[in-house]
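Please consult the sequence and the structure alongside the text.

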Amino acid sequence: MTALETEDQIEVRDGVDRETIETVQAMAGKYKYGWETSIETEYAPKGLNEDIVRLISEKNGEPEWMLEWRLAAYRRWLQMEEPRWAMLNYPEIDYQDQYYYAKPKSMAVKPKSLDEVDPKLLATYEKLGIPLKEQMLLAGVEGADEPRKVAVDAVFDSVSVGTTFKEELKKAGVIFCSISEAIREYPDLVKKYLGSVVPQSDNFFATLNCAVFSDGSFVYIPEGTRCPMELSTYFRINAENTGQFERTLIVADKGSYVSYLEGCTAPKRDTHQLHAAVVEIVVLDDAEVKYSTVQNWYPGDEEGRGGIYNFVTKRADCRGARSKVMWTQVETGSAITWKYPSCILRGDDSQGEFYSIAIANNAQQADTGTKMVHLGKNTKSRIVSKGISAGRAQNTYRGLVSMHPKALNSRNYTQCDSLLIGDKCGAHTVPYIEVKNNSSRVEHEATTSKVDDDQLFYCRSRGMDEEEAVALVVNGFCKEVLQALPMEFAMEAQSLVAISLEGSVG
Amino acid sequence: MAVAEAKRNAAEARLSALALPQGGWTGVARAEALARLRAMGLPGRRDEYWRYTDPATLVQAEAAHAALFDPQDEPMVFTSFDRVKVVFVDGVFDPAQSDDLEAAGVELLSRQTADIHWAQSLYGVLETRGQTPVQRPLAALNTAAATEGVLIRVTGKAAKPVSLIYLHKSETSDAILHHCVKLEEGAELTLLENGPAAARFNKVLEVEVADGARFHHIRTQGRDHERRAVTHIFARLGRESLFKSFTLTANGVLTRNEAVIELTGDDAVAHVAGAAVGDGDFHHDDTVFVTHAAERCESRQVFKKVLKNGAVGVFQGKILVKPGAQKTDGYQISQSLLLDDHSQFLAKPELEIYADDVKCSHGSTSGAIDETALYYLRSRGVPLRQAQSLLVLAFLAEAIQEIEDEALAEDIRSRLESWLARHGQ
């Protein structure tokens, strides 16, 4: 307990440390996660080739079939071209100039419990406001005014460093562990579902991820189970010149429910770093999955130096009848965001929802949106996207709503609103709408406007300074999406909205 | 790069089937267009800009066969209007059926062979501007290869509308027409177009609307069921000018109408509207690109499609607001009414905005006839077919309202009604 005894000043409440919120407020205007932890790191050699893929597989102690799967993806990737259709402008990425595997040295031998984890690592997560040690803290205080619990899986550079609440989840039959562990412990489940939503050949970045993903989270909620707590993953890129490629696989069996939270940060650096993740969600009959993301990778400085290149493939397959998935995302970080969380509405009466706030300030560029593919009868989808551009940033909503001929009596409603702050930024909307039957109804609305002068004037006349006023108006603009977030995230997201827009007015 | 090569090969194959006009005042513009086309190649299925429409039959070297329509099938439009008639049969000017062009100030492209002409500032110029940011190779092909077209320069208010009538007599005709219209400061003109033109028709219309000028354009495309057409309108608008274009499309296997409008003077207004009705083998594509490059301009795009028996409607619309184009008011609506389960509506309504003090919105909907509205009408004693027809007309009304001249709007309405009656609606 040596590492953790010193941390008793931290108050755990509702899954997010009070400190997190306070730090966010206190450090408004600065990227508060910009520090770097000096932890000895073990790297694989720079560059990408079959040997690196083999090395990653070996380091994770993977079975042969997994290595073959990775190599097949790698060979495929070599044949693919990087997509350039997004409204993103960035220099050529040198894929050989990256480290594809970085691991804190202290993790070379897997710790058996959190106690054995390098204290520096835990301190890092503490700084991030992630209550990794909740497990201990809560061990003796169950009952009474127990805060709502959140189980956390933390991924540091390429490796999962700890998962909390494992025992308690196990009791409920829920499997929540790192994906590397799942490949070893639950090969049948992984074999059955891995790549079944986002296949190896899906797209350039997803295929790259298939080849080199080093860790990530795996969740299985058994039939009829309501996951007793919210699950959460925190991703942190620490090492320099390192790409992070994590892979998340969530399987919600019949009639189950889970709410999953994801957060991400990275240190400030002058060079760009690559992040290409894949999230696959399988939702069976009557099951429901809520997936919430607060993406706060380092966005780069005012001049656009540094920042994360974020190329993410997220897709949920509503395989079962009456299944439901809800994506909520707050995208405030990254220099480049390329991300389209999608729903395949295969089961009859299945539902997909997408709520998004994307904020781009300074030199950030975001091209994000969703795909709603209606295949089953009576399927419903709803898209609410709020894009905010400030500084010299470019923010694009790109989405697809597709009603297949057999998706009878289906329904979609899409609302995309863009807000521009300043005359040097851009806001774009690129929706694709494909309707192939007549009993379905599709509605799409989009507006673009600027922050309302009257509202600003009202706030200012009540004594708020201009930045506070803008933050308030913008939070109002995003209200519908903020409301869709779990409470833990909603507060943090609100502060993030204010921080992200810092320096955009005046 | 096999794709790029295939596109260039398609261009060469197409060019080899054409006799390219040389020399004269269009010589330089044609040579440049040819170079552009050779560099771009012709569009293919994998081009993002042709995502929803297969350009194969527009691109192939020879026009596909198109049966002629039965004259009893559909009445002609605009017949009761006092107008200057310019008749083209399969893309060839027909003096016998046309009015006196000289008196009306209308010139023919084929007859202007001198080395200098006023239309030099237009021919291929607006088309070239329209090649970025999206390539339009079929328009470059037109500039390079057009053999005929009208050149109209208007000062003041034109006495009569100019009416371009396109007749189709040959089942394999392949017509390429290129028109240039220049409205000088404060001028006003109404341009009418109708008829199927040819088995395959490639048309470009370049329009310069100077400060304070007003241009009205009403066209119908249809009659022949098997015809194919690709048309481009390139327009540039000056200060306080007005541009209004309306198109009714009925029939035709394949129609791709592109409109590329650039608002370059402050306070200009551009409205582009279209109503399309399709039954069966009908693929209709409206592709509109409106660029706001000046302050306080207004643009409206209103596109409505009624589709049945497997007809496909496509809408690709874009509002681009350039940096500094403050106080822009941009509006875009694309809607489809699918009358059965076999028809499709594919839309990509885009906004690209680089100025903050703007009001831009777009909407797109697709669905069936509103059952409650139908029920209401039927409960008032309106027979089913008539009730359906009423609702379809009501659905299309917003597009037809974009026609300023009430008599012309009425002519279009009656044309639509007769189409609906013949197609069981």
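In which loop of chain B does Pro133(B) lie? In this predicted model, Pro133(B) is placed in the loop between helix 5 (125-129) and helix 6 (137-145) of chain B. The peptide bond that joins Thr132(B) to Pro133(B) is cis, and its omega is about 0°.

## Positive phi angles in chain A

Asp349(A) is a residue other than glycine with a positive phi, a value near 60°. The loop that holds Asp349(A) runs between strand 16 (342-345) and strand 17 (351-360) of chain A. Asp349(A) counts as buried because it has 20 C-beta neighbours inside 10 Å, and the cut-off for a buried residue is 20 or more.

Asn362(A) is likewise not a glycine, yet its phi is positive, at about 50°. This residue belongs to the loop between strand 17 and strand 18 (365-368) of chain A. Is Asn362(A) buried or exposed? Asn362(A) has 21 C-beta neighbours inside 10 Å and therefore counts as buried.

## Overall make-up of chain A

The secondary structure of chain A consists of 14 helices and 24 strands. Chain A has 506 residues, of which 57% count as buried.

What share of the contacts in chain A with a separation of 6 or more comes from residues 24 or more positions apart? Such residues account for 83% of those contacts.

Definitions and conventions:
Residues numbered from 1 in each chain as written. Chains lettered and ligands numbered in written order. Predicted model: local features only at pLDDT ≥ 70, side-chain atom pairs only at ≥ 80, totals over all residues. Helix = DSSP H or I, 4+ residues; strand = E, 2+ residues; numbered from the N terminus. Buried ≥ 20, exposed ≤ 12 C-beta atoms within 10 Å, placed from the backbone. Contact = placed C-beta atoms within 7 Å.
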